[in-house]
Amino acid sequence: MKSGVPGLDEILNGGVPKNQLILITGTSGTGKTILGTQFLYSGAKDFNENSVFLSFEEPSDLIKENCKQFGWNIDSLEKQGKFAFIRYDPYRIEDVFDILESTIREVGASRVLIDSISALGLYVRDKTELRSMIYNLSRILRKLNCTAMIVSEIVHGTEPRISRYGVEEFVSDSVIVMYYERIDSVFNRAMQVWKLRGSSHSQKLHPYNISKKGIFVDHLSEAFIKGT
Ligand SMILES: Nc1ncnc2c1ncn2[C@@H]1O[C@H](COP(=O)(O)OP(=O)(O)OP(=O)(O)O)[C@@H](O)[C@H]1O
Ligand SMILES: [Mg+2]
């Protein structure tokens with residue numbers, strides 16, 4: 001599938017793999033929410049692939065407001081029935097997958113963003129349970145022919161790992177890691193395809209930018225960041 005993020009398809013060997021669960025991970029402020037939203041927005045607007053955004057974090061009003069600065073009018077897509085938000089109230093976590101499934105059916109969605117999957121971790125006893133919860137989620141999404149991005153975080157100061165709980169990358173089909181690191185006095189953005197199930201992919205770390213049109217990946221250049 002076309003990601004709608006310039007340069008990203010190139011480092012993914014042609015596009016986002018269909019019907020997969022793709023983990024988007026990185027430290028805070030790297031642009032995970034923007035990347036995921038760009039994937040949804042461009043799908044619904046340009047490729048007739050309707051979208052569902054399940055947010056455990058920011059309310060939809062705030063997300064929509066942020067999107068306006070990139071020229072993405074989500075209200076209009078919502079009115080046309082091409083885009084739906086689920087702002088999840090985390091009291092009845094056991095219902096969340098049912099709500100997701102019925103919303104996907106309602107809008108006929110083929111693209112899904114879950115921001116972030118870490119919220120599920122708060123409601124499980126251990127990593128095994130989280131793992132089976134994400135696995136269950138991926139089974140539902142596959143059944144519905146959806147391609148989903150799920151967001152997790154790299155938390156500084158903990159033992160080095162690429163997701164909050166250290167299980168998300170194993171249950172996901174593919175993984176994209178986003179970095180925002182300082183070299184001397186300048187912060188640099190870079191991303192890397194960590195794994196891509198069933199396909200080869202760029203092995204390099206690529207610089208990316210967030211501009212007023214959203215995210216742009218420089219697939220022709222290589223980034224150098226310490227510690228990666
Ligand atoms: N219009 C813009 N132009 C350039 N950069 C922007 C613009 N809007 C946001 N940004 C950058 O994007 C970052 C936020 O992106 P986003 O919310 O997607 O991050 P995130 O990885 O989801 O963070 P978190 O883990 O906290 O949810 C900001 O810190 C800022 O650097
Ligand atoms: Mg975010």
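This is a predicted model: local features need pLDDT of at least 70, side-chain atom pairs count only at pLDDT 80 or more; totals for chains, interfaces and linings use all residues.
## Two loop asparagines

Let's start with Asn48, which sits in the loop between H2 and E2. Helices (H or I, at least four residues) and strands (E, at least two) are DSSP runs, counted from the N terminus. Is Asn48 buried or exposed? Asn48 counts as exposed because it has 10 C-beta neighbours inside 10 Å.

Residues are numbered from 1 along each chain as its sequence is written, chains are lettered from A, and ligands are numbered from 1 in the order in which they are written.

Asn13 has a positive phi too, near 60 degrees, and is not a glycine either. Asn13 belongs to the loop between helix H1 (8-11) and strand E1 (21-26). Its 14 C-beta neighbours inside 10 Å are why Asn13 counts as partly exposed. For background, most residues other than glycine have a negative phi, and most peptide bonds are trans.

## A cis peptide

On that last point, the bond joining Asp115 and Ser116 is cis, with omega at about -5 degrees. Ser116 is in the loop between E4 and helix H6 (118-121).

## The sheet

Nine strands make up an open sheet with mixed pairing, in the order E3-E2-E4-E5-E1-E6-E7-E8-E9. Which strands stand at the edges? Those are E3 (83-87) and E9 (214-217); each has a single partner strand, so one side of each has no neighbour in the sheet. From one strand to the next, the twist averages 25 degrees. Two strands pair if DSSP finds at least two bridges between them.

At the E9 end, E8 and E9 form a hairpin with two residues between them. The two run antiparallel and are joined by four bridges. Across that pairing, Tyr208 faces Val217 of E9, and Asn209 is opposite Phe216 of E9.

Over at E3, helix H5 (residues 96-107) lies across strand E2 (50-55), E3 and strand E4 (109-115), at about 165 degrees to E3. Axes here are lines fitted to C-alpha atoms (for helices, over the stretch in contact), and angles run from 0 to 180 degrees between N-to-C directions.

## Strand E5

E5 (residues 147-153) is mostly covered, with seven of its seven residues buried. Thr147, Met149, Val151 and Glu153 point one way, Ala148, Ile150 and Ser152 the other, and all are buried. In a regular strand, side chains alternate between the two faces of the sheet.

Both pairings of E5 described here are parallel: E1 with E5 over six bridges, and E4 with E5 over four. Gly26 has Glu153 of E5 as its bridge partner, and Arg111 has Thr147 of E5.

Leaving aside neighbours within four places in sequence, Val112 is in contact with Val52, Ile104, Leu141, Cys146 and Ala148. Contact means C-beta atoms, placed from the backbone, within 7 Å of each other.

Ile140, in helix H7 (residues 127-143), counts as partly exposed because it has 16 C-beta neighbours inside 10 Å. Outside four places in sequence, Ile140 is in contact with Phe97 and Glu101.

## Around ligand 1

Which of the 13 residues around ligand 1 come nearest? They are Gly29, Lys32, Thr33, Ile34 and Ile210. A residue is near a molecule if its C-beta atom, placed from the backbone, lies within 6 Å of it.

Helix H2 (32-46) and strand E8 (205-211) each supply at least two residues of this shell, and H2 has the largest share, three residues. By class, the shell has two nonpolar, eight polar and three charged residues. Here Ala, Val, Leu, Ile, Met, Phe, Trp, Tyr, Cys and Pro count as nonpolar, Asp, Glu, Lys and Arg as charged, and the others, Gly among them, as polar.

Conventions: Two residues are in contact if their C-beta atoms, placed from the backbone, lie within 7 Å. A residue is buried if 20 or more other C-beta atoms lie within 10 Å of its own, exposed if 12 or fewer, and partly exposed in between; C-beta atoms are placed from the backbone.
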